[in-house]
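The sequence and the structure are shown first.

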Amino acid sequence: MGAALAEHIDRTAERRAVIDSSPELQERERTKLAVVTSAIQDALLQRGVDDDSAKLVAQIATIASQNALDRWAEGHGETDFATCLHAVAESLRDVLTEGIDSSRPE
């Protein structure tokens with residue numbers, strides 16, 4: 001997936017800017033993300049995951065992939081997508097195990 005994304009880095013940043021400037025396109029993007037989330041949830045359900053867990057994991061997976069895509073695009077593709085996704089997963093793991101410490105510097 002990362003190799004395919006690398007071919008489109010310039011268009012990804014431009015696309016994001018256009019979407020960010022239009023409430024209608026933002027709504028369309030949310031609808032597309034909801035479809036992706038639903039597809040992930042369905043795949044998990046087919047593998048025997050219980051409904052609550054499938055829904056939660058699908059939502060987290062969608063958010064994590066969007067966050068990784070943002071990081072990748074903001075970095076102009078200098079770091080590959082897989083590395084960005086791994087960093088997001090590590091951040092999520094840290095928050096879930098250690099909590100959010102508002103006193104930590106950013």
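Gln66 is buried, with a relative accessible area of 18%; buried means under 20% relative accessible area, exposed over 50% and partly exposed in between, for a 1.4 Å probe and protein chains only. The model is predicted: local features need pLDDT of at least 70, side-chain atom pairs count only at pLDDT 80 or more, and totals for chains, interfaces and linings use all residues. Residues are numbered from 1 along each chain as its sequence is written, and side-chain values use heavy atoms, with hydrogens and water left out.

Gln66 is placed in helix α4. Helices (H or I, at least four residues) and strands (E, at least two) are DSSP runs, numbered from the N terminus. Not counting residues up to four places away in sequence, Gln66 touches Arg16, Glu29 and Leu33, where contact means heavy atoms within 4.5 Å.

**Overall composition**

The protein has 5 helices and 0 strands, and its elements run α-α-α-α-α from the N terminus on. Of the 106 residues, 21% count as buried. Among contacts with a separation of 6 or more, 38% are accounted for by residues 24 or more positions apart.

**Helix pairs**

Axes are lines fitted to C-alpha atoms, for helices over the stretch in contact, and angles run from 0 to 180 degrees between N-to-C directions.

| Pair | Angle | Axis separation |
|---|---|---|
| α3 (residues 23-46) and α4 (residues 51-74) | about 135° | 8 Å |
| α4 and α5 | about 125° | 8 Å |

The angle makes α3 oblique to α4, and α4 and α5 are likewise oblique to each other. Angles under 35 degrees count as roughly parallel, over 145 as roughly antiparallel, 65 to 115 as roughly perpendicular and the rest as oblique. α3 passes α4 in a right-handed crossing, and α4 passes α5 in a right-handed crossing. A crossing is right-handed if the near helix is turned clockwise from the far one by less than a right angle, and left-handed if anticlockwise.

On the α3 side of the contact with α4, the residues include Glu29, Leu33, Val36 and Ile40, and those of α4 include Ala54, Val57, Ala58 and Gln66. By class, the contact of α3 with α4 has 9 nonpolar, 5 polar and 3 charged residues. Ala, Val, Leu, Ile, Met, Phe, Trp, Tyr, Cys and Pro count as nonpolar, Asp, Glu, Lys and Arg as charged, and the others, Gly among them, as polar.

In the second pair, α4 contributes Ile60, Ala64, Ser65, Asn67, Ala68, Leu69, Arg71 and Trp72, which meet Phe81, Cys84, Leu85, Ala87, Val88, Ser91 and Leu92 in α5. This contact of α4 with α5 has 11 nonpolar, 3 polar and 1 charged residues.

**Arg71**

Arg71 lies in helix α4 and counts as partly exposed, because its relative accessibility is 36%. Leaving aside neighbours within four places in sequence, Arg71 is in contact with Cys84, Ala87, Val88 and Ser91. Arg71 and Leu85 are 14 residues apart in sequence and 8.7 Å apart in space, C-alpha to C-alpha.

**Nonpolar core**

Which residues form the largest nonpolar core? The 8 residues are Ala64, Ala68, Leu69, Trp72, Ala73, Phe81, Cys84 and Val88. α4 and α5 (81-98) each supply at least two residues of this core, and the largest share, 5 residues, comes from α4. A nonpolar core is a set of buried Ala, Val, Leu, Ile, Met, Phe, Trp, Tyr and Cys residues joined through side-chain atoms within 4.5 Å. In soluble globular proteins, nonpolar side chains tend to be buried together.
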